[in-house]
Amino acid sequence: MMKTEEIRSKVQAFLEKCSKQTDIDPNQDIFTMGFANSLFAMQMVMFIEKEFDISIDNQDLGSDALRTVNGICQYITDKTQME
């Protein structure tokens, strides 16, 4: 099982690459930063599913859990423990 810090590092790197911003606050809502849109959301879902070998449930797509680095990391941790 992957450690939380390793998950955070991968998620942070993906978001920084997509946003061209560095030092994204792990509690900041990435959808209010101006770079995230519906296309980005689908790219992020594909990244998470492929990188962490999990499936994101449709009902989770609009959830607050996928709006911050910390939320995404917790979601991934929870899903990997369930599968």
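Student: Before we look at anything, what's a polar contact?
Tutor: A polar contact is a pair of N or O atoms within 3.5 Å, and within protein one must be able to donate a hydrogen and the other to accept it. Keep in mind that this is a predicted model.

Student: Is threonine 68 buried or exposed?
Tutor: Buried, because its relative accessibility is 15% and the cut-off for buried is under 20%. Not counting residues up to four places away in sequence, threonine 68 touches Pro26, Asn27, Gln28 and Asp29.

Student: Let's switch to H2. How many residues has H2 got?
Tutor: H2 has 15 residues, and from its first C-alpha to its last it reaches 21 Å, close to the 21 Å expected.

Student: Which residues are buried in H2?
Tutor: Phe40, Ala41, Met44, Val45, Phe47, Ile48 and Phe52. They cover an arc of only 165 degrees around the axis, so they sit on the same side of H2.

Student: What's exposed on the other side of H2?
Tutor: Ser38, Leu39, Met46 and Lys50 are exposed there.

Student: And what do the buried residues of H2 pack against?
Tutor: They pack against helix H1 (4-19) and H3.

Student: What happens at the start of H2?
Tutor: There, a side-chain oxygen of asparagine 37 comes within 3.0 Å of the backbone nitrogen of leucine 39. As for what comes after H2, that's aspartate 53, with a positive phi near 55 degrees.

Student: New topic: which residues touch the most other members of the largest nonpolar core?
Tutor: Val11, Leu15, Met44 and Ile48, out of 23 residues in that core. H1, H2 and H3 are the elements that give two or more residues to this core, and H2 gives the most, with six.

Student: How many aromatic pairs does the structure hold?
Tutor: Four. One of them is phenylalanine 14 with phenylalanine 47, which are stacked, at 4.2 Å centre to centre and 5 degrees between the planes. This pair links distant parts of the chain, with phenylalanine 14 in helix H1 and phenylalanine 47 in helix H2, 33 residues apart.

Student: Why is the pair of phenylalanine 31 and phenylalanine 40 edge-to-face?
Tutor: Because the planes of these two rings are at 65 degrees, with the centres 6.2 Å apart, and planes over 60 degrees apart count as edge-to-face.

Terms used
Residues are numbered from 1 along each chain as its sequence is written. This is a predicted model: local features need pLDDT of at least 70, side-chain atom pairs count only at pLDDT 80 or more; totals for chains, interfaces and linings use all residues. Side-chain values use heavy atoms; hydrogens and water are left out. Buried means under 20% relative accessible area, exposed over 50%, partly exposed in between (1.4 Å probe, protein chains only). Contact means heavy atoms within 4.5 Å. Helices (H or I, at least four residues) and strands (E, at least two) are DSSP runs, numbered from the N terminus. The expected span of a helix is 1.5 Å times one less than its number of residues. The arc is that of the directions from the helix axis to the C-beta atoms. A nonpolar core is a set of buried Ala, Val, Leu, Ile, Met, Phe, Trp, Tyr and Cys residues joined through side-chain atoms within 4.5 Å. Rings of Phe, Tyr and Trp (its six-membered ring) pair if their centres lie within 6.5 Å; planes under 30 degrees apart count as stacked, over 60 as edge-to-face and the rest as tilted.
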